[in-house]
Structures are given as structure tokens and as C-alpha cells.
Amino acid sequence: MSETGAATVDDSKDPSGFLSEIIGASITVKLNSGVEYRGELQSVDGYMNIALEKTEEYVGGQLKHKYGDVFIRGNNVLYISQD
Amino acid sequence: MSETGAATVDDSKDPSGFLSEIIGASITVKLNSGVEYRGELQSVDGYMNIALEKTEEYVGGQLKHKYGDVFIRGNNVLYISQD
Amino acid sequence: MSETGAATVDDSKDPSGFLSEIIGASITVKLNSGVEYRGELQSVDGYMNIALEKTEEYVGGQLKHKYGDVFIRGNNVLYISQD
Amino acid sequence: MSETGAATVDDSKDPSGFLSEIIGASITVKLNSGVEYRGELQSVDGYMNIALEKTEEYVGGQLKHKYGDVFIRGNNVLYISQD
Amino acid sequence: MSETGAATVDDSKDPSGFLSEIIGASITVKLNSGVEYRGELQSVDGYMNIALEKTEEYVGGQLKHKYGDVFIRGNNVLYISQD
Amino acid sequence: MSETGAATVDDSKDPSGFLSEIIGASITVKLNSGVEYRGELQSVDGYMNIALEKTEEYVGGQLKHKYGDVFIRGNNVLYISQD
Amino acid sequence: MSETGAATVDDSKDPSGFLSEIIGASITVKLNSGVEYRGELQSVDGYMNIALEKTEEYVGGQLKHKYGDVFIRGNNVLYISQD
């Protein structure tokens, strides 16, 4: 059991490595609510707080809103996929 | 795995850097409930607790309320975007 | 990344400073449920647990109840605003 | 930022001081569900886990049940008020 | 503020003392869902994870099910009362 | 108060002892959703993450699905009972 | 009681061992929402954050979407089963 309270899994292959590799890439962030944010991944931290640039908001597949920089709080994130 | 239990991601580009850069800027804070608070970002901490000045509350895009200083608890925040 | 697991933001301007400044002031505490408690801020801690004096409960803007001292658990708090 | 991850507020006036002062007093504990438990506060800890003696359960203001000792888990608590 | 992030309350009277005293006693565990489990308290830990023996499940006051040993996860617990 | 933030209860009788004793036994895992998983308990950790072998999924008492090994995340667990 | 606040269970057989063994295998990840993601397990960490390759999204058993790499946040996961 890791000190942080979560079961320790073989850290050699750790999902956060996946996240580091897609910094600067175009990604889709799907929230638990179903809303999607697409943009360029500027940075992400261990709690999946995400800073996106040139961000677009999609609801039901429809473009609803364009932003510049958006900071999304990690706890709302369902998944991150590389476009 | 960071001591705090979250996967460590390359900290050189950390979303909190994004937040520091927009202190004093006009921002929109969208809550999970959909309500938006617009105002001047006075300060924000690591849990996304936010102190806003000259704050306006928007529900469904309609201005509902004007406040002075408002302290918003981080766990309700969906995203922060710079206006 | 701070030891506590949250992204470290520039602590010189920290929302808790805002809270310290309004000890003794008349404030409105809005809960996630929409219910509001108004009273004199006796004390608040880092988890936004709040002790209020001369407290009034408002539901839909209507005064529903008067209390003496009330201790509100922080996780229910949406925002705190100075009246 | 305190080590525990919450913004540090001026601890000289801390809500837990309020709680210590009402040990042995008659209190009302309101849960997030709206149900109220009234009784004598036997003890309370930092997570607002509460041990009550001579406990009465009120639903919609109606007395529903009488218990001896009841141990209430803190995360369900909305507020504690001194009768 | 205790190291664990919760306001420190006078620990001389701590609700967990209450729990230790009722090991072996017949208790009722009410869950947030309203379902009740009655049985003999075999053990309980600091997170209110509960091991019950000779357990009965009541829904709306009706006996629904009999078990041998049951291990209930603490986060679902509303209260524990001594029968 | 234990360092981990939960009230310390007499650890001599700790629910996790109950869990260790049923490794390899046939158990029923009831989730908060009401769905049940029956199988052989391969392992369980302190967060009630459970690895089951020869797993069967029951919804409303009806067998819905058979799996080989299944890893269930602890936070969804309501209770574990030994068949 | 482990330092991390969870009851310590016999760590010799720890569910995370199960997870390490299925790296590279074809798995099904069922979310609390009922949606399923099938793909090759690239990596998983102690919080069940999962990186999947060649990912397919199934809703109600119907293939809805194909992705390349997808990073799923652990807190949404109900179970992981090996296909």
C-alpha cells in the first residue's frame, strides 16, 4: 500500500506518462456532464486540473462557445482523448 | 506517484502557473450548477477557492445579482476562463 | 505541486486572507442547496467551517428562522459574501 | 497554505472553539437531508462526527423517534445550533 | 488546526470513545439510503467501517434479509445507535 | 485523533481483520447501486478495492453476467457479506 | 490502521497485483454511468486512473465511438474486467 493510501501498481508504466506526452497536442476533454472541451493542452497536473488554449465548448456535438484560455477543475473530468 | 497520491505529471508546465498569471484580470467562473460569477480575480488557492471583487452573478446568461467581494469554495468550480 | 496535493498558486494573495479580513462583519453564506444564512462571522477555518452569531435563515429570500450561534459545515458552502 | 491543504485562516478564532464550548449543551443537528436530531452533545470531533445523548429525531418538525445514545457521521451534517 | 486538516476539538471527550464502549452490543446502523442493519457490533474503525455479526436488514421497518457477518463501508453510514 | 484524520477506535478489533479472514471465501459484494457481484474473494485492500474470481453479476436477484476476474473500485461498495 | 487512514488488510494479496498482471491485456472498463470502454490496458495507477489504447466506447452494448489513446479518470470507474 503506497503512503498516499492507494494501492501501488507497477509505476514503470504510469498513466501520467501518457498525459505528459500529449502536452501541446489537440485534445478532447469530456466532463461527467457530457459536455466536451476541445483545445490545445497547455498543462495538466496530478489531479487532472487542465489548462487549455484556443478552447471550444461542445454540447451534444454542437459548438456552443469559443474561449481563449480555460482552466478546468480535474474532478469534473471523465476522460481525456487525443484528437 | 507524488506523495499526495496523485500521478506526478511534468510540473514544469503546471496549470497553477496559468492561474497566477490571471490575478487581477476579469474572469468568468462557471460552477457545476451552470451559474456564472464574473469579476476581478483577487486571489485563488491550490483548491481553487476563489476571492472575486466587483462580482456579478449570471444565471442563464441573465445578470441576477451584484456583490462586492465574494469568496467561492473551489469544489463547486467547473472552470475559470479569462474574459 | 504542494505537499497537500493541490497545485501551488502564488500564496502572497491567498483567498484565506480575504476571509480573515471579514471576521466580525455581517456576511451572507450561500449553501449549495440555495439556502442562505446571514449573521456575524464569529470564525472560519481552512475548510470553510463557519461559526455565525445572530443567525437568520433565508429560503427563497424569505426569513424562515432565527438562531443564536450556528456552526455550518464547510463542504455545504457555495460562497461567502460580505453584506 | 496549511500543510493539510486548506487555506490557513487566523486560527486564534477557530470554529472548533465554538464546538468545545457547547459540550453538554442541548443542541440541534440538522442533516443535509433536512432531518434534525436534538439531544445533549456528549462529544464532537474534528470531522463533526457527533455523539448525542437522549436523542430525538424530527422530520418536518414532527418527533419521529427517541433514542438513547446516537453517533452521527460528520459528513451528513449541515449545521449544529445551540438550542 | 490538526495536522489532518480538521479543526481540533477538545479530544478528552471524543465520539470514538462512544464507539469503543458499544463493541459487542446490539446496535442499529442506519445508512444514508434509509436502510437499517441490526446486529452485534464486532468491530468499527476510524472511518466507521463496521463489521456486524448476526445481521438483519430492515427496509421501511420490514425485515428483508438475514446474514451472518457483514462488513459495511463507513461512508454510507448516517448514524449508529445502541438498541 | 489518528494522524489520518479519523477518530481512533480501539484497533485491537478492527473490521479489516474480518476481511482478511474471508480471503478465498465465496462472498457477495453489494454496490450502492443495488447491483450484486458474487464470487471468490481473491484480495481486498484498505480502500475496499476488491479483486473477485469466477464473478457473477446479479441485478434484482437475476443473474445478468458471468466474468472471470473482476476488479471492483472500493468507493462503490455498500457491504461485503460472506455467503 | 495504515498511515493513509484506511484499515490495513493483509497486503500479501493486494488487488493492485491483479491490475499489474493485466497490463497489455484487452479489458472492459465499466463506469458508474454504465458506459463501457474496451481497449488495451496501457497503464493504471493507484487511483485507477487508466490509460487505454485502441479504445471503443459502448453505450447499452452498442459501439458508439472509436478513439486512439484515452485517459480515464479513476473516480468514475465501477469495475475493470479482463475480456
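Predicted model: local features only at pLDDT ≥ 70, side-chain atom pairs only at ≥ 80, totals over all residues.

Q: Give me one from chain E. Which side chain does E:Glu36 meet in a salt bridge?
A: That would be E:Arg38, with an N to O distance of 3.1 Å.

Q: And is E:Glu36 buried or exposed?
A: E:Glu36 is buried, because its relative accessible area is 14% and the cut-off for buried is under 20%. E:Arg38 has 28% relative accessibility, so it counts as partly exposed.

Q: What about G:Glu36, what does that one form a salt bridge with?
A: G:Glu36 pairs with G:Arg38, and their closest N and O atoms are 3.0 Å apart. Here G:Glu36 is buried at 15% relative accessibility, while G:Arg38 is partly exposed at 28%.

Q: Let's hop to chain F. Which residue does F:Glu56 meet in a salt bridge?
A: F:Lys66, at 3.5 Å from N to O. This pair links distant parts of the chain: F:Glu56 sits in strand E3 (residues 50–59) of chain F and F:Lys66 in strand E4 (residues 62–67) of chain F, 10 residues apart. F:Glu56 is partly exposed at 22% relative accessibility, and F:Lys66 is exposed with 58%.

Q: New topic: in what sense do strands E3 and E4 of chain G pair?
A: Strand E3 (residues 50–59) and strand E4 (residues 62–67) of chain G run antiparallel, paired over five bridges. For instance, G:Tyr58 has G:Leu63 in E4(G) as its bridge partner.

Q: How many residues are between the strands in that hairpin?
A: Two, and in this hairpin of E3(G) and E4(G), G:Gly60 takes a positive phi near 60 degrees.

Q: Last one: where is B:Asn49?
A: B:Asn49 is in the loop between strand E2 (36–44) and strand E3 (50–59) of chain B. With 7% relative accessibility, B:Asn49 counts as buried.

Q: So what does B:Asn49 touch?
A: Leaving out residues up to four places away in sequence, its contacts include B:Phe71 and B:Ile72, plus C:Pro15 and C:Met48 from chain C.

Definitions and conventions
Residues numbered from 1 in each chain as written. Chains lettered and ligands numbered in written order. Heavy atoms only, no water. Salt bridge = Lys/Arg side-chain N within 4 Å of Asp/Glu carboxyl O. Buried < 20%, exposed > 50% of the residue type's maximum accessible area, 1.4 Å probe, protein only. Helix = DSSP H or I, 4+ residues; strand = E, 2+ residues; numbered from the N terminus. Pairing = 2+ DSSP bridges. Contact = heavy atoms within 4.5 Å.
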